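Morning, everyone. Please bring the model up on your screens, and let's walk through it together.

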Amino acid sequence: GTNGKHIVGDPRTGKLYEQSMNYTDDDGASIQYLRALAHLINEDQNFYHHRFELLMETGVDPQMVVGLDWSDDGGHTFQTFAGVPSIRNSGAPGAFTKRLAWRRLGRGRKRVYRIGVQGKGLVALVEAYLEATQGFA
């Protein structure tokens, strides 16, 4: 038997691994997580997106790389807005109150935000906040 362990296999190499919530990497390699958020729409009116803030567990060891991109066509294609840096890090170990925010995100009618996280640590996405103004232009 496996002594209560959950054993999984790599279909490409045939290598066997123990799967557990205690492991935060993929056989030593970083893991990449991708999460698309809810679709923002109100009677097909524009929203001017001023600020997006992600509340996640920060200050973990090791640091996680966090990226933001978005779709203005309801989630069919994703892009970053020219001039807006999309990558942040989760903060040095112990910096538990670091805020991850993106500003001046342009306008869109059918926006879907997507968050990507990569690293070798536990990932806990808690909440996301958006400051936006509805308009008709």
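I'll take a hairpin, then a sheet, then a pocket, then some backbone angles.

First, the ground rules. This is a predicted model, where local features need pLDDT of at least 70, side-chain atom pairs count only at pLDDT 80 or more, and totals for chains, interfaces and linings use all residues. Residues are numbered from 1 along each chain as its sequence is written, and side-chain values use heavy atoms, with hydrogens and water left out.

Start with the hairpin. Strands here are DSSP runs of E, at least two residues, numbered from the N terminus. β1 and β2 form a hairpin, and six residues sit between them. The two strands pair in the antiparallel sense over four bridges. To count as a pair, two strands need at least two bridges found by DSSP. Look at Gly9: Leu16 in β2 stands opposite. In the turn, Gly14 has a positive phi of about 80°.

Now the loop between β1 and β2. Asp10 is in that loop. Is Asp10 buried or exposed? Asp10 is buried, at a relative accessible area of 16%. The cut-offs: buried is under 20% relative accessible area, exposed is over 50%, and partly exposed is in between, using a 1.4 Å probe and protein chains only. Leaving out residues up to four places away in sequence, Asp10 touches Lys15 and Tyr17. Touching, or contact, means heavy atoms within 4.5 Å.

Thr13 is in the loop between β1 and β2 too. Thr13 is exposed, with a relative accessible area of 57%. A polar atom of the Thr13 side chain lies 3.2 Å from the backbone nitrogen of Lys15. Now jump along the chain. Thr13 and Gly119 are 106 residues apart in sequence, and their C-alpha atoms are 23 Å apart in space.

Next, the sheet. Which strands form it, and in what order? Four strands make an open sheet, ordered β3-β9-β5-β6, with antiparallel pairing. β3 and β6 (87-89) are the edge strands, since each pairs on one side only. Neighbouring strands of this sheet are turned by 20° against each other on average, direction ignored. Those angles use axes fitted as lines to C-alpha atoms, and run from 0 to 180 degrees between N-to-C directions. Zoom in on one pair. β5 (residues 65-71) and β9 (residues 112-119) run antiparallel, joined by seven bridges. Val65 has Gln118 in β9 as its bridge partner.

On to the pocket. A pocket is an open set of points on a 1 Å grid, with protein on both sides within 12 Å along at least five of seven lines; the probe is 1.4 Å, and lining residues have an atom within 4 Å of a point. The largest pocket has a volume of about 370 Å³. Its lining has 16 residues, and Gln19, Ser20, Tyr23, Asp25 and Ile31 lie nearest the centre. β2 gives the most to this lining, with three residues.

Last, the backbone. Most residues other than glycine have a negative phi. Which way does Asn3 go, positive or negative? Phi of Asn3 is positive, near 55°. Asn3 lies in the segment before β1 (6-9), and is exposed at 79% relative accessible area. Asp27 has a positive phi of about 55° as well, and is not a glycine. Asp27 is in the loop between β2 (16-19) and β3 (31-36). Its relative accessibility is 47%, so Asp27 counts as partly exposed.

Technical notes: Polar contact = N/O pair within 3.5 Å; in protein donor to acceptor, adjacent residues only side chain to side chain. Points joined across faces, edges and corners; volume = space filled by probe spheres on them.
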